[in-house]
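Please look over the sequence and the model below. The briefing then goes topic by topic.

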Amino acid sequence: AADARSDRARKEARAFRAEHPCPSTGKIRGACPGFHVDHIIALCAGGADKRWNMQWITREDHRFKTLVDVRECRRNG
């Protein structure tokens, strides 16, 4: 089951990148220097692992957002 979930997540991330190429390279495959794909509503907060819940975010902003998301999920969980 975990492998199937992983495969779905990778497919959604690929679909997101096909619709929204890397902001730094303009490519839909390969590295995207300085950016990560982020879930707008964190998975731990019930966000969907779907492309409509994904966004490009800088690495630095992603680190901060993850800290906040995890803290909020622990508080509410």
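Predicted model: local features only at pLDDT ≥ 70, side-chain atom pairs only at ≥ 80, totals over all residues.

The protein has two helices and two strands, and their order along the sequence is α-β-β-α.

**Overall figures**

- The C-alpha trace spans about 40 × 30 × 20 Å along its principal axes.
- Of the 77 residues, 23% count as buried.
- The accessible surface comes to about 5,600 Å². Carbon and sulfur atoms hold 54% of that surface.
- Among contacts with a separation of 6 or more, 40% join residues 24 or more positions apart.

**Helix α2**

- Helix α2 covers residues 59-76, which is 18 residues. At 1.5 Å a residue the helix should span 26 Å, and its end C-alpha atoms lie 25 Å apart, so the two values agree.
- The buried residues in α2 are H62, K65, D69 and C73. Seen down the helix axis, the buried residues of α2 fall within an arc of 70°, so they line one face.
- The background is simple: an α-helix has 3.6 residues a turn, so residues three or four places apart point the same way.
- Strands β1 (35-39) and β2 are included in what covers the buried residues of α2.
- The face turned away from the buried side of α2 carries the exposed residues R63, F64, L67, R74 and R75.

**The aromatic pair**

- The protein has one aromatic pair. Its members are F16 and W56, with ring centres 5.8 Å apart and planes at 50°. Planes under 30 degrees apart would count as stacked and over 60 as edge-to-face, so the rest, as here, are tilted.
- F16 sits in helix α1 (residues 2-19) and W56 in strand β2 (residues 54-58), so the pair ties together parts that are 40 residues apart in sequence.
- F16 has 3% relative accessibility, and W56 has 17%. Buried means under 20%, so F16 counts as buried, and so does W56.

**Arginine R17**

- R17 also belongs to helix α1. Its relative accessibility is 15%, and R17 counts as buried.
- Beyond its neighbours within four places in sequence, R17 is in contact with C22, K27, I28, R29, G30, A31, C32 and W56.
- A polar atom of the R17 side chain lies 3.4 Å from the backbone oxygen of I28.
- What separates R17 and A48 in sequence and in space? They are 31 residues apart in sequence and 16 Å apart in space, C-alpha to C-alpha.

Conventions: Residues numbered from 1 in each chain as written. Heavy atoms only, no water. Phe/Tyr/Trp six-rings, centres within 6.5 Å; stacked < 30°, edge-to-face > 60°. Helix = DSSP H or I, 4+ residues; strand = E, 2+ residues; numbered from the N terminus. Buried < 20%, exposed > 50% of the residue type's maximum accessible area, 1.4 Å probe, protein only. Contact = heavy atoms within 4.5 Å. Polar contact = N/O pair within 3.5 Å; in protein donor to acceptor, adjacent residues only side chain to side chain. Expected span 1.5 Å × (residues − 1). Arc of directions from axis to C-beta. Areas by Shrake-Rupley, 256 points an atom, 1.4 Å probe, with all protein chains shown as cover.
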